Amino acid sequence: ARQDPTHKRSEAAMTVEQAAAEAKHEEEEDIEDVGEDGAMDGEAAAAKRKKKKKSKKKSTAENGAACTDENVALQGQIEIESPECNNAEQGDAAGEPGPESKSESQKKREKKKAAAARKKAAEADGSANGQQAAGDASAHLWSTQIRGIQNWGPFPKAEAGGIQQTWPPTVPVLAQFPSGQAPKGMEMEYGDSNRYRTTSAEMRERERLQNISYQEIRTAAECHRQVRKYMQSVMVPGRLMTEICEELEDLNRQLVQENGLKAGIAFPTGCSLNHVAAHWTPNSGDKTVLQYGDVCKVDFGTHVNGRIIDSAWTVHFDPTFDTLAEAVRESTRAGVAAAGIDVRLGDIGEACQEVMESFEVEINGKVYPVKSVRNLNGHSIGPYQIHAGKSVPIVKGGEATRMEEGEVYAIETFGSTGKGYVKEDLECSHYMKNFDVGHIPLRLPRAKQLLSFINKNFDTLAFCRRWIDRAGEEKYLLALRNLCDNGIVQPYPPLVDIKGSYVAQYEHTLILRPTQKEVLSKGDDY
């Protein structure tokens, strides 16, 4: 209800005048009481005066004096809110509190409750802010000399009961997310005839049935993101490649909580330099140093229960190679965007090549077209199987095989200033036991012993010679060659373009869920 403000002000003025008169009358009565009760002791007189004041307050409250708000009255928007009176000005004029509908004890109780509630909320906010501050520290402390890498935000907030990640990272991913619900990757809707999948109840139910494997692969993906976030901040020119790889692998083992074949590193850390496109990691004793003018491809993997994440990026410090890295990065994005259920693998290759070869790069005054490396491909990934059978070309004209629901793919592209064609060369460092190999009799006892070691520690996951050395194995090269000659273990020598050329690489792992595709390895960096 609303009233005329002029009428309201007149009533309020009368109320103020009446209260002032009553206060004056009360004061006179107090003086008379003191005179009449001169013989009375001070405490009795004070009690008598207090009793009269209480009765006066009660009478005034029952009369329901109207409350006024001078600021609202000036706007002509006075509302009648309640019959309670908060006449503080009257109380100050009379030297005593104004009449109120609530007793002092009620007000005190309410104040205590409000204070307790505020304290509890502040404690909760303090705990949350403390965790957030720990996560934010990584964003403030993170920096990199690597060009083409976007700035990272803070680590994801740990769930209730979890431990917030530190900087440098020391907390395993499952300690941050004890329930196993690690953050999702980048979700993308399917296009064309598969748009219905996003809202289909049947497809959502299919996803629910696969939730455990999704949690495992997302845990591996979160580990990959946190490892590479840290490594991008410490990779600088002048460091030994062996030192960089071992630091990365040790952190990877720590964050994924390496546990035999249940969780660990999926394959050796690739750090191929310049014209070397893939499959190079330093062997023990290698003294190669990362230089300012190098183009280094860092390709490493993590796994949880065989669910593998395979992702790579290019490290360069010289702005000369900005365009080369951009061409490959955009080509990989085009491949990710083109991927989907029922998409032909050859169509993805065509999309990648179209973007890649629209770039040119100038090096030392000479312009080079960026070429897709036509004999390198992306690939499907299976449990404990990095190459699961399907290849994703990065040039047009590939096979017409289609992607299928539930499959996991590594979409990777390589751009080169050389011929755009690689061959095997240099000393081999990567090896992997053949996935479908049966029992093959071995004559050399040392070969049998080495195979037992491989089955226990790597099984069908790729490994390198540094890891065998790390485990304390000695004099194993002849036995390793025997396993390769018998077809039990497959060597993967480095793949190189022509000398003097430069090759860049970017790679992401995605899964074709029933409702959406999810780019599992996507981070803030690329």
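A polar contact is a pair of N or O atoms within 3.5 Å, where, within protein, one atom must be able to donate a hydrogen and the other to accept it, and where residues adjacent in sequence count only if both atoms are side-chain atoms. The model shown in these views is predicted, so that local features need pLDDT of at least 70 and side-chain atom pairs count only at pLDDT 80 or more, while totals for chains, interfaces and linings use all residues. Residues are numbered from 1 along each chain as its sequence is written, and side-chain values use heavy atoms, with hydrogens and water left out.

**View 1**
Threonine 413 belongs to strand S11; strands (E, at least two residues) and helices (H or I, at least four) are DSSP runs, numbered from the N terminus. The side chain of threonine 413 makes a polar contact with the side chain of threonine 332 at 2.7 Å, and it also reaches the backbone oxygen of valine 328 at 3.1 Å. Threonine 413 has a relative accessible area of 0% and is therefore buried, a term that means under 20% relative accessible area, whereas exposed means over 50% and partly exposed lies in between (1.4 Å probe, protein chains only). Leaving aside neighbours within four places in sequence, the residues in contact with threonine 413 include Cys352, Met356, Ile394 and Tyr506, where contact means heavy atoms within 4.5 Å. Although threonine 413 and tyrosine 506 are 93 residues apart in sequence, their C-alpha atoms are 5.9 Å apart in space.

**View 1. Helix H10 and the elements that cover it.**
Helix H10 (residues 322-338) has 17 residues and reaches 24 Å from its first C-alpha to its last, close to the 24 Å expected at 1.5 Å a residue; the expected span is 1.5 Å times one less than the number of residues. Among the buried residues of H10 are Val328 and Thr332, both of which are in contact with threonine 413. The cover over the buried residues of H10 includes helix H11 (345-356), strand S11 (408-416) and strand S17 (503-512).

The side chain of glutamate 222 makes a polar contact with the side chain of arginine 225 at 2.8 Å. Apart from neighbours within four places in sequence, glutamate 222 is in contact with Pro156, Val173, Phe177, Ala182 and Pro183.

**View 2. The hairpin of strands S4 and S5.**
Strand S4 (residues 296-304) runs antiparallel to S5, and 9 bridges join them. The two strands form a hairpin with 2 residues between them, and asparagine 305 in the turn has a positive phi of about 50°. Across this pair, glycine 301 has aspartate 310 in S5 as its bridge partner. Strand S5 (residues 307-315) is mostly covered, since 8 of its 9 residues are buried.

**View 3. Helix H12 and its buried side.**
In H12, the residues Ala447, Leu450, Leu451, Phe453 and Ile454 are buried. They cover an arc of only 160° around the axis, which puts them on the same side of H12; the arc is that of the directions from the helix axis to the C-beta atoms. The face turned away from this buried side carries the exposed residues Pro445 and Lys456.

Strands of a sheet pair through backbone hydrogen bonds, either parallel or antiparallel, and two strands are taken to pair if DSSP finds at least two bridges between them. Strand S13 (residues 430-433) pairs with S14 over 2 bridges, and histidine 430 has cysteine 464 in S14 as its bridge partner. Another open sheet of 3 strands, also with antiparallel pairing, has the order S3-S16-S12. Its edge strands, S3 (276-278) and S12 (423-424), each pair on one side only. In this sheet, valine 276 stands opposite valine 496 in S16.
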